[in-house]
Amino acid sequence: MDRAVLLRSSLACTRTVCRGPAHRLARLSSKRHRPIPSPHRRSFLRNHLRLITTASPPSLHLKGNFCPLSTRAIATSSPQSATDVIEDDVAEKLGFEKVSEQFIEECKSKAVLYKHKKTGAEIMSVANDDENKVFGVVFRTPPKDSTGIPHILEHSVLCGSRKYPLKEPFVELLKGSLHTFLNAFTYPDRTCYPVASTNTKDFYNLVDVYLDAVFFPKCVEDFQTFQQEGWHYELNDPSEDITYKGVVFNEMKGVYSQPDNILGRASQQALFPDNTYGVDSGGDPKVIPKLTFDEFKEFHRKYYHPSNARIWFYGDDDPNERLRLLSEYLDMFDASSAPQESRVERQKLFSEPIRIVEKYPAAESGDLKKKHMVCLNWLISEKPLDLETELALGFLDHLLLGTPASPLRKILLESRLGEAIVGGGVEDELLQPQFSIGLKGVSEDDTQKVEELVMSTLKSLAEEGFDAEAVEASMNTIEFSLRENNTGSFPRGLALMLRSVGKWVYDMDPFEPLKYQGPLAALKARIAKEGSKAVFAPLLEKFILNNPHLVTIEMQPDTEKASHEEAAEKEILDKVKASMTKEDLAELARATHELRLKQETPDPPEALKAVPSLSLQDIPKKPIHVPSEIGEINGVKVLQHDLFTNDVLYSEVVFDLSSLKQELLPLVPLFCQSLLEMGTKDLDFVQLNQLIGRKTGGISVYPFTSSVRGKQDPCSHVIVRGKAMSGRTEDLFNLVNCILQEVQFTDQKRFKQFVSQSKAGMENRLRGRGHGIAAARMDAKLNVAGWISEQMGGVSYLDFLRALEEKVDQNWGEISASLEEIRKSLISRQGCLVNLTADGKNLTNSEKYVSKFLDLLPSTSAVKASSWNARLPSTSEAIIIPTQVNYVGKAANIYETGYQLNGSAYVISKYISNTWLWDRVRVSGGAYGGFCDFDSHSGVFSYLSYRDPNLLKTLNIYDGTGDFLRELEMSDDALTKAIIGTIGDFDALLIGSHRRRKTKETRRDIINKIVNYTMLQDFKEFSGAIDAVKDKGVVVAVASPDDVDAANKERCNFFEVKKAL
């Protein structure tokens, strides 16, 4: 249940355009759903690059203001000897021995590794001045089968514990904590439970709840929790069919509906047939129902023990207090044999390659012969690699695949043998590293050609080496990223924890992954002395070209796979029912009712009081000060933010999109990509990309669209975002000018690649993030901003891409002219805004370069202003795809009903998500998640579900929300908790590199509205606005054909059907 996975995926598209309603995705990933990390994990460097890059925008359709880019550096003084003596003395008295202590220069932190004498538990205590404190406990949890036991247990331990005996303390923390991170992750061989908060009291509350949850959970004694989170037979009436239900069961049905996920799992299991990675820790839906409650309990007893734990603390809290809190728990245990039993065995290398053919569920549309996937996967090494070799492999990975100009990526895509890249390159978060690469959208006759092209390209690169400019660009990009260490809203301490645990969990040095300066300097010196070919060619030859441990996976589309699996499941369930007596069926129906009653019955007040909480007095009164100055250069408004950024200048240049013709809007994402991935008169796109890599920390171009409160016309812009060391400011603005004004839209073949890649990406989004597609579609029915966003990132955009793919060959001249027209409409000083973040000296120095850049822009747009006034029809719509789960949405504009914005709306919408929808859609309904969202800019209130086995049943739950609010009774404590939790959501936007999103006046104003204008009566009055969604709302579901057909039979032609895949 890793919100980092969704976060990483949204940050992954370097120098390209990310699309989708990010405010919903952020809420989904951070608050509701806990996805299994992909078994294909990024290398240390590439994972780090994905976290820190500012080259990727969050979305097209965002709420909030433009945010300057900055990072808040962590400073700490050198450790004092007197403090060390005190800490050592306290540690000894509390039963800990200090194993090692080091000052980590890379993150300006003092790190101490302790060992609990009685149990052997290991603790990393990292002290610095970062207010965003992080705690995590990690257990090695290697499964022996694909019943999903680690994943189900990860969900279940957060459902009540010894000290906190309510149904879900996790949800109570979501409601009323100031957390900046709260979740858990299941890996193929370990389970992580991290939390983060800037409030010390809140932080220790979170730590205590999590420690009690993992060591003393109620789930090992509560069969109904196992049923709810894992699986159970459900029978509402003896006359009906039996079905499977369970949160993890339905989550994994969604996972196994996505071809890319099926490919990733098949690759991992084929690479590691002899150890724990040969099974699915997340659970295979066909196997999950084989898991017994006794096996579930035994897994917890064996592995969730301090002897098997790695515990991490990070931040500015008292290191002694950390140990005091831990000792209270750890001292209750004796040492166990868990460290030996949980050890992951290494996979021995194959003596010869193997090839496997798998099927994936596909719809009966398009040319299925062109829907194959091919991926080559190598197990890189049987033995551990030293850090310098790992770093060199990370550089090699970036050289091969890290940018659009990287040779392996470029050659594969330009071959036209497939539509998009699959495989993650180097993946090193498991015991043994892997390398994977391939293509999807491959013709049946071309699968062998893909394999041959991969091998011939790698062989050629080993023989000829890489361009010196490419090596310099990769070196600069990676070194810039490592030194910047900007993890965005993801807690920096958690990023460091995951990096450290990647070695620590295998009994290796937890300090080593945190220290890159020495190995980086050694690698740079070696490249300078020996040349890049002498460094990288042997790696290619040893670990890939001459490595027999190669698994080639071919995925073939199968239009009958989904129906066969559903039929097989029904056959099993029919046999189960046939084997039961009337008494058995009556008992199963009774048990189903009893479980649902428990799920839908609120916890008693005395149980809720057990969960530690804050008071309003614990909320910091002093707003966070974000310096902002508004000035003007050459008639253009310039915002400046004087912040310490470690000598990095962050810039955004914002252009007004409102003069663009309506029919050209769908071309804007491809226009943005073309600016960065086509060449100029003097530079081809490879040279341009290398120049950006050598001179800057990254440049991105992307559209931004939002409704504006009180106005019909939307706010719509294209933003050019970049960063560079202050000494490279002139280079940065010269390159921004180059891509804006000198790039030529003449490369027809490359543009067609962009179209094919975008089409493949949209098709993948439909299967994996149907909730985002549904949200965008509903917004497009309700307001102009939503319609614009959907044209550039929804189903309408997919339709456009499919038509455009044919048009590129037939009428390239017209398309090229349209791209040029977009540039003429967009690029001018008229309506332009520049946003800069750096320290005062560097801001002053940058002004002359900004002035020169602005002078080169046209003074006004060459195109007359246009007006946009379009929406999609307000019909209920089902977008059908081959899937085993659904994504169900319903929305309406509550401003149109007369609702006046009140600060209580933020509290109420969060409360509905964490109570009514959580209990009914997720816990009782079996969906992976359900939530609501209120966009205060547009007035759209929306409901969404995620990996949902239901359709009409979920809509009925949405429609019951008004009655839930009218009948709501709420204690003062519960109201205070709801208010605090909402304030925490706003403050989370001000953490780390996102501290600039709200001014101090905005934060104070919002908090005053929330605190002073939220009462129980507001909840009841809000029911009237909610009823408008029930009565007038639009419905969009991304769903399976069978479920839509059944819904249209139950409610005569309720859905207008659109086949998307």
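A contact here means heavy atoms within 4.5 Å.

**Figure 1. The whole chain, before we zoom in.** This is a predicted model, in which local features need pLDDT of at least 70 and side-chain atom pairs count only at pLDDT 80 or more, while totals for chains, interfaces and linings use all residues. Residues are numbered from 1 along each chain as its sequence is written, and side-chain values use heavy atoms, leaving out hydrogens and water. Among contacts between residues at least 6 apart in sequence, 83% join residues at least 24 apart. The protein has 39 helices and 27 strands; these are DSSP runs numbered from the N terminus, with helices being H or I of at least four residues and strands E of at least two. Of the 1061 residues, 65% are buried (under 20% relative accessible area, with exposed over 50% and partly exposed in between; 1.4 Å probe, protein chains only). The protein exposes about 37000 Å², and carbon and sulfur atoms supply 49% of that (areas by the Shrake-Rupley method with a 1.4 Å probe; for residues, only the protein chains shown count as cover).

Figure 2. The average pLDDT (the predictor's confidence in each residue, from 0 to 100) is 88, and 89% of the residues score at least 70. Residues 1-83 have pLDDT below 50, with 339 contacts in the model beyond near neighbours in sequence. Another stretch with pLDDT below 50 is residues 993-1001, with 33 contacts counted the same way. Where pLDDT is low, the predicted coordinates should not be read in detail.

**Figure 3. Inside the largest nonpolar core.** A nonpolar core is a set of buried Ala, Val, Leu, Ile, Met, Phe, Trp, Tyr and Cys residues joined through side-chain atoms within 4.5 Å. The largest one has 89 residues, and Ile-739, Phe-751 and Leu-766 have the most contacts inside it. Helix α26 (residues 729-741) gives the largest share, seven residues. Leaving aside neighbours within four places in sequence, Leu-766 is in contact with residues including Ile-773, Val-795, Ile-879, Val-1038 and Leu-1061. A second, separate core of 72 residues includes Ile-152, Leu-166, Phe-249 and Val-255. In soluble globular proteins, nonpolar side chains tend to be buried together.

**Figure 4. Two aromatic pairs that bridge the sequence.** Rings of Phe, Tyr and Trp (its six-membered ring) pair if their centres lie within 6.5 Å; planes under 30 degrees apart count as stacked, over 60 as edge-to-face and the rest as tilted. By this rule there are 46 aromatic pairs. One of them, Phe-751 with Trp-812, is tilted, at 5.4 Å centre to centre and 50 degrees between the planes. Phe-751 lies in helix α27 (residues 748-768) and Trp-812 in helix α31 (residues 812-826), so this pair ties together parts 61 residues apart in sequence. Phe-751 and Trp-812 are both buried. Tyr-899 and Phe-1022 pair edge-to-face, because their ring centres are 5.3 Å apart and their planes sit at 85 degrees. Here the tie spans 123 residues in sequence, since Tyr-899 is in the loop between β23 (887-893) and α33 (904-924) and Phe-1022 is in helix α38 (residues 1016-1032). Both Tyr-899 and Phe-1022 are buried too.

**Figure 5. A ring cluster, and charges over rings.** Ring pairs link Phe-139, Tyr-193, Tyr-210, Phe-215, Phe-216, Tyr-304, Tyr-329 and Phe-333 into a cluster. For charges, the rule is NZ of Lys or CZ of Arg within 6 Å of the ring centre and within 35 degrees of the ring normal. The charged end of Arg-190 sits over the ring of Tyr-187, 4.2 Å from its centre. Likewise, the charged end of Arg-1051 sits over the ring of Phe-1054, at 5.1 Å from the centre.

Figure 6. Gln-884 is in the loop between β22 (877-880) and β23, and is buried at 18% relative accessible area. Not counting residues up to four places away in sequence, Gln-884 touches Lys-253, Tyr-256, Ser-257 and Glu-565. Lys-503 is in helix α18 (residues 492-504) and counts as buried at 12% relative accessibility. Beyond its neighbours within four places in sequence, Lys-503 is in contact with Leu-385, Glu-390, Met-508, Asp-509 and Pro-513.

**Figure 7. Helix α34 under cover.** Six of the eight residues in helix α34 (residues 952-959) are buried. They are Leu-952, Thr-954, Leu-955, Ile-957, Tyr-958 and Asp-959.
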